[in-house]
Amino acid sequence: MTKRETGAPGTPDGPVGGSAEVSAPTRAFGWTLHGDGRRIGEGEVVAPGERLTWPRTVGIGMQHVIAMFGATLLVPTITGFPVTTTLLFSGIGTALFLLITRGRIPSYLGSSFAFIAPLTASQSSGPAAQLGGVAAAGLLLLVIGVAVKLAGSRVIDAVMPPVVTGAVVALIGLNLAPTAVDSFESQPLIAGVTLLAILLVTVLGPGLLGRLGILVGVVVGWVFAAVTGGLAEERVTALRDAAWFGVPELRGPTFDWSVIALTLPVVIVLIAENVGHVKAVSAMTGRSLDDVAGNALVADGLATTLAGFGGGSGTTTYAENIGVMAATRVYSTAAYWVAAATAVVLAFSPKFGALVFTVPNGVIGGATLVLYGLIGVLGVRIWMDADVDFTDPVNLTVVAAALVAGIGDLTLTVGSVELGGIAWGSVGILVAYPVMRRLARFRKP
């Protein structure tokens, strides 16, 4: 998922009340009531270890569900994974995250868009092999999280400076461009209506509505497709026949090295998103959370691993929910427990999953034209935020090679393993950058 720049809650551009202090240990349960539980004073925020009255907390939790819904469900819709299974592991993953971070980081773990590229590229290998790639990525993230806990969060900046992270994020998004275009061209009118709705709602929609542009656009596109006969009849029939209640489809992984190699670069994006989420929440609450960055990586790694072993998509922290916190000034983890529980309950409705699968290709094309581009632009934004110098020949050349390998989907076979553009571009820059940086020291002025 993309990370939106957020200012402090309650104000459009500044940090929220209070200086940056080291936050005291917080329990996963047992929140204290903020004030009278009904009002939030001027310049105040509801801290992670606090809550409002339960009716208000449940209401805010429902907003978090709405915020995460569109993106979390769009991933399995695009990749063909079971929607209700993905939703189930999303809810379970969020609960694990809250437990492992000891209630100090308010966050929802939804489906990561970074997995779309490798899952789409590996469809011919079958869902079991795809799940093996998801599980392997989760295990690697978990191991990295443990290493960060032991060595400190600064190790991430040393291994993956912004020039590397930005390139990998950009090439993952741009590698997907042909897929979005193919879906768009399959139903251009429906796709165009969907795209227009997303753009208008995102640009003109006030507050939370503007942050739900993708979800609103998909709904508008679906309604237009239904009116104009653009829904697949067999999927509509399946919706009618689906039961209201049922157990999510669970299935296990197999491990194919070519699929694993295609999927592992996603871990770089997951690290960037998790660390970025921790930094954003820290800035908005005025409390240092660097000491739990490793816990966040461990939690997301465990959630993604469980999803891979059970049939769901990989997870990541969601920027959409940061928007809800900024709008409400409520950072209570109690609201996230409500959101996690709601996701788990909805996962036991096959009717709901069948409804999501009626979304036609044109709607997906209109939405992914924006979403994939957002991933690519996120990489550029990482460079801009870090003031990466592209007059430096090392930065310029290694990024250029990595981007073209990813966008052009350079595919080569090494032994029995076939590697695509994402793998070559990511591995290439991870290896080439430190090597070229050392060689540059010998360059004569």
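Which residues does Ile429 touch, not counting residues up to four places away in sequence? Keep that in mind as you open this predicted model, and let's start there.

**Stop 1: Ile429.** Select Ile429 and show its surroundings. Setting aside residues up to four places away in sequence, you will find Val163, Val164, Ala167 and Val168 touching Ile429, along with Val398, Val399, Ala402 and Pro434.

Stop 2: Now widen the selection. Ile429 is among the residues with the most contacts inside the largest nonpolar core, as are Met68, Phe113 and Val399. That core has 100 residues. Next, colour residues 361-385: this is helix H18, which gives the most to this core, with ten residues. Apart from this core lies another one, of six residues; to find it, pick out Ile40, Leu52, Val330 and Ala335, which are among its members.

**Stop 3: Thr79.** Move to helix H1, residues 54-79, and select Thr79. Thr79 counts as buried because its relative accessible area is 6%, under the 20% cut-off. Then look beyond the neighbours within four places in sequence, and you will see Thr79 in contact with Ile116, Leu119, Gln123 and Ser313.

**Stop 4: Ala147.** Finish in helix H4, residues 127-151, where Ala147 has its place. Is Ala147 buried or partly exposed? Its relative accessibility is 40%, so Ala147 counts as partly exposed.

Key
Residues numbered from 1 in each chain as written. Predicted model: local features only at pLDDT ≥ 70, side-chain atom pairs only at ≥ 80, totals over all residues. Heavy atoms only, no water. Helix = DSSP H or I, 4+ residues; strand = E, 2+ residues; numbered from the N terminus. Buried < 20%, exposed > 50% of the residue type's maximum accessible area, 1.4 Å probe, protein only. Contact = heavy atoms within 4.5 Å. Core = buried A, V, L, I, M, F, W, Y, C linked by side-chain atoms within 4.5 Å.
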